[in-house]
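Okay, thanks everyone, let me put this one up on the screen.

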Amino acid sequence: MEKSLEAIRQEIRENQWTGPTAGLATGYTQANLAILPKAQAYDFLLFCQRNPKSCPLLEVTDAGSAIPKLTAPSADLRYDVPKYRIYRHGELVEEVTDIEAYWKDDFVAFLIGCSFTFEHALMDNGLGIRHIEEDCNVPMYITNIACEPAGVFHGNMVVSMRPFQAQNAVRAVEVTSRFPSVHGSPVHIGQPAQIGIENISKPDFGDAVTVKEGETPVFWACGVTPQSIAMSSKPEIMITHAPGCMFITDMKDSQYSVL
């Protein structure tokens, strides 16, 4: 029997679950997280507005509030992500299971759509998700695709990859295009080198997965892009989720489908 959303969130809050969340809380929308001081929040909001494929915004919290009152009003973003990353001046300095010690009264949190949301729709269409099948994190890569800069923020897009047989890749495009607010359709299909990926077996984030004979790698814009942006733009501090360790909202996946 599948656990309830409340039970899963409690396990995360109590550090009983500190790993990737793919496949958890079936039907509930998962989100990427980026937290910045208020002084950089407008520039980052503008960055998301200019790069909706990579950073589709689901919610922005009030300054100083860790409560996502629109998407999960009973949650607390200081505790309800399995693992967080702390970036200082573009360097990853720590991974932690809560950010109570780091939280400041001027922080603004951004919840960004996650491709885990459309994975249930893919599976409902008979398309296997390799990282779920292999019980690991989705592979993610920094590309040579430049994001549209905004204020102090600039850098390249991160993509997630799922391999499919050619005929299923077409179906994957059709299914995911129904979810524009959680990255939507792929940004690239096949030929990883064309988007700057030299070795598909060595992702920049997450885990490598098997690409079987006859399969084509399919790439979606990824909400880990802010971590690439942090490394390029070097803000004084940016707090994010650890790749694959998402925040689970109270919203249903179906609410973000256009069909």
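So, Arg-9: buried or exposed? Its relative accessibility is 10%, and since anything under 20% is called buried, Arg-9 counts as buried. Keep in mind this is a predicted model. Arg-9 sits in helix H1, residues 5-13. And what does Arg-9 touch, if we skip neighbours within four places in sequence? You get Ala-72, Ser-74, Ala-75 and Asp-80, and then a run from Phe-247 through Ile-248 and Thr-249 to Asp-250.

Okay, on to the nonpolar side. The largest nonpolar core has 37 residues, and those with the most contacts inside it are Phe-44, Phe-47, Met-140, Phe-153, Val-159, Phe-219 and Met-238. Among the elements giving two or more residues to this core are strands E1 (28-37) and E7 (156-165), plus helix H6 (225-233). Which one gives the most? That's H2, with five residues.

Take Met-238 from that list. Again leaving out neighbours within four places, Met-238 contacts Ile-35, Leu-36, Phe-44, Arg-85, Ile-86, Tyr-87, Phe-153, Pro-226 and Ala-230. Apart from this core there's another one, with 23 residues, including Ala-66, Tyr-102, Ala-109 and Ile-237.

The axes of H3 (residues 116-124) and H5 (residues 166-176) come within 10 Å and cross at roughly 125°, so H3 is oblique to H5. The crossing is right-handed. On the H3 side you have Phe-118, Ala-121 and Leu-122, meeting Ala-172, Val-175 and Thr-176 of H5. That contact is five nonpolar residues, one polar and no charged.

Okay, over to you.

Key: Residues numbered from 1 in each chain as written. Predicted model: local features only at pLDDT ≥ 70, side-chain atom pairs only at ≥ 80, totals over all residues. Heavy atoms only, no water. Axes fitted to C-alpha atoms, helices over the stretch in contact; angles between N-to-C directions. Helix = DSSP H or I, 4+ residues; strand = E, 2+ residues; numbered from the N terminus. Parallel < 35°, antiparallel > 145°, perpendicular 65-115°, else oblique. Left-handed = near helix turned anticlockwise from the far one by under 90°. Contact = heavy atoms within 4.5 Å. Nonpolar A, V, L, I, M, F, W, Y, C, P; charged D, E, K, R; others polar. Buried < 20%, exposed > 50% of the residue type's maximum accessible area, 1.4 Å probe, protein only. Core = buried A, V, L, I, M, F, W, Y, C linked by side-chain atoms within 4.5 Å.
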